[in-house]
Amino acid sequence: MPEYEVVIGLETHIQLNTKSKIFCGCKADSWGDPPNTNICPVCTGLPGVLPVLNRSVVDKAVFLAAAMHAESISSISYFARKNYFYPDLPKGYQISQYDEPLARGGTLDLPMPDGSSRRVTITKLHIEEDAGKTVYQNGKRLIDFNRCGVPLVEMVTGPDLRSADEAAQYLIRLRQLLRWLGISEGDMEKGQLRCDANVSIRPIGVETLSTKTEIKNLNSIENVRTAIQAEVERQIREIDAGKQIGAWTLNWDEDTGILAKMRSKETEADYRYFREPDLLPIRLDDEWKEEILADLPELPLERRARFIEQYQLPLYDAEILTDERSLSEYFEQAVSAHGGEAKVVSNWLMNDVLRMIRESGLRAGDLQLRPEDLAGIIQLVEEKKITISTGKALLDRVEESGHSPLELVEEEGLSQVSDEETLRSMASEILSANPDQVKTYKGGKTTVIGWFVGQLMQKTRGKANPQMAKMILEELLSENGQKET
Amino acid sequence: MALTIEEVRHIAQLARLKLTPEEERRYTEQLSDILDYAGRLSKIDTTAIPPTASVLPLRAPLRPDAVRPCPPQELILRNAPSDQEGMFRVPPVLDT
């Protein structure tokens with residue numbers, strides 16, 4: 001039985017987060033809105049209307065093309081009509097791009113969890129309008145046109161992915177990039193990122209592509225992984241049984257986990273693409289292009305590499321800190337305010353600040369606890385002005401109150417108690433109040449010291465310097481013992 | 001550049017038109033004539049002319065990304081032959 005290589009290409013549709021639709025002023029995001037409330041004569045294709053292109057759609061698509069390292073971003077591109085009949089397509093055609101798209105070529109290098117890297121090529125990138133939504137209800141078919149005319153970017157990869165895991169990884173990195181660039185939330189469950197997968201297998205060593213199947217309706221990254229895996233296994237079974245793979249379109253049913261064959265697809269020529277007569281070409285002159293690209297940030301994987309290099313961070317830290325752009329910026333601001341070792345700042349961020357971000361649902365940049373505040377708290381701990389536990393509590397106090405750490409330390413008297421006299425007299429009180437525990441300690445069970453330290457911490461409301469507390473207690477307990485003998 | 005009757009049937013199917021056999025014959029003839037007429041263009045020598053994607057020197061006018069109010073749902077649903085819960089109701093799926 002031969003060994004097979006899996007060949008996968010993904011066709012993704014990305015919903016851009018513009019305020020208005022691509023060719024009219026209707027609100028683009030209809031999440032939670034009643035059906036058919038964000039529509040107008042233009043997006044529902046009533047006679048006599050003309051589409052007018054939303055500038056921001058071109059801005060965002062060009063931004064993405066540049067971030068995908070497109071070989072060419074066209075200075076002139078055209079819209080085309082893709083003709084087909086479907087109830088959720090009111091015009092009878094979709095305005096898309098075909099032979100002269102906005103951008104061609106491009107790559108995304110996927111770091112894989114095992115340390116390897118997979119280069120995924122992008123064949124083309126174009127902009128188009130979305131269709132409406134069909135709702136099936138007790139055998140009835142109901143149409144909501146709110147989504148008609150929402151701007152989409154279609155991006156197609158080459159047949160470069162070699163496993164279901166790689167396909168999932170591509171979508172994870174793409175989603176990260178979309179959020180990083182601020183052009184889409186990329187939430188698959190909300191349809192902001194959609195994916196069809198082309199899957200085929202071939203004996204290892206063979207260079208030509210075999211017949212592929214196309215899986216549709218994949219609405220989460222987990223579904224993409226599961227469905228591709230199931231399809232690969234099916235193809236292997238078929239071929240091992242001496243059968244042929246048909247060029248089917250398969251529908252993934254999330255509830256049953258079953259791939260079902262869909263009706264035979266119309267061939268591409270049947271879409272009868274032709275130039276959209278209602279729209280003039282998009283002319284992207286150098287001035288406009290430069291204006292857009294001036295805002296292009298350092299990309300997530302580049303920043304990850306720089307964090308490892310510049311701050312000597314482990315890959316694990318760099319990966320988490322560059323997961324989201326705002327967090328990575330927060331980290332760098334805190335490091336520069338702190339001025340000390342970056343790894344210390346990373347630890348505080350990953351242990352405590354990330355917890356606050358998760359609990360609040362805020363982005364790092366939206367916390368009341370500013371990067372300078374975090375740096376200030378770390379410094380207070382490092383200078384032993386406050387204990388670590390006070391420092392951690394202070395993070396939440398700053399977040400709640402918006403006051404600076406130093407203000408709070410002064411207002412609430414949180415300074416660490418390192419004054420030996422104060423600690424010594426408090427410790428004496430504890431010893432006299434607890435003769436039983438003193439006896440236990442003297443009896444040789446010295447581990448009870450932890451309990452005494454705890455008592456002292458409680459008495460100082462967590463402000464005692466723990467090392468000093470332990471030292472004083474041990475000293476007093478041994479004196480105490482000597483006196484009794 | 002004669003079209004075959006099968007091609008005419010295919011085009012009619014794409015346009016969701018139901019043609020009688022007599023119409024199929026007539027349109028095969030007429031569409032072929034139209035193609036022949038347009039086909040005269042391919043006889044012109046264009047070797048010295050660069051490929052042209054559009055003859056319009058203009059550029060698409062652009063709109064700022066601003067939301068404008070939409071007409072009320074009731075108004076739009078007046079175009080629906082049948083509606084339910086604010087949505088257009090259409091006949092159930094027929095596989096073609």
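I looked up burial first: 49% of the 485 residues of chain A count as buried (under 20% relative accessible area, with a 1.4 Å probe and protein chains only). The model is predicted, with local features needing pLDDT of at least 70 and side-chain atom pairs pLDDT 80 or more, while totals for chains, interfaces and linings use all residues. Residues are numbered from 1 along each chain as written, chains are lettered from A and ligands numbered from 1 in the order written, and side-chain values use heavy atoms, without hydrogens and water.

Next, overall form. I found 15 helices and 18 strands in chain A (DSSP runs, H or I of at least four residues for helices and E of at least two for strands, numbered from the N terminus). Chain A is more spread out than a compact globule, because its radius of gyration is 31 Å, well over the 23 Å of the globule rule for 485 residues (taken over C-alpha atoms; the rule is 2.2 Å times the number of residues to the power 0.38). The C-alpha atoms fill a box of roughly 105 × 60 × 50 Å along the principal axes.

Then I turned to Gln15(A), which sits in strand E1 (residues 4-15). Gln15(A) is buried, at 13% relative accessible area. I noted a polar contact of 3.4 Å between the side chains of Gln15(A) and Arg194(A) (N or O atoms within 3.5 Å, one able to donate a hydrogen and the other to accept it; residues adjacent in sequence count only if both atoms are side-chain atoms). Beyond four places in sequence, Gln15(A) has contacts including Asp130(A), Val150(A), Ile183(A) and Gly191(A) (heavy atoms within 4.5 Å).

Note on methods: Buried < 20%, exposed > 50% of the residue type's maximum accessible area, 1.4 Å probe, protein only.
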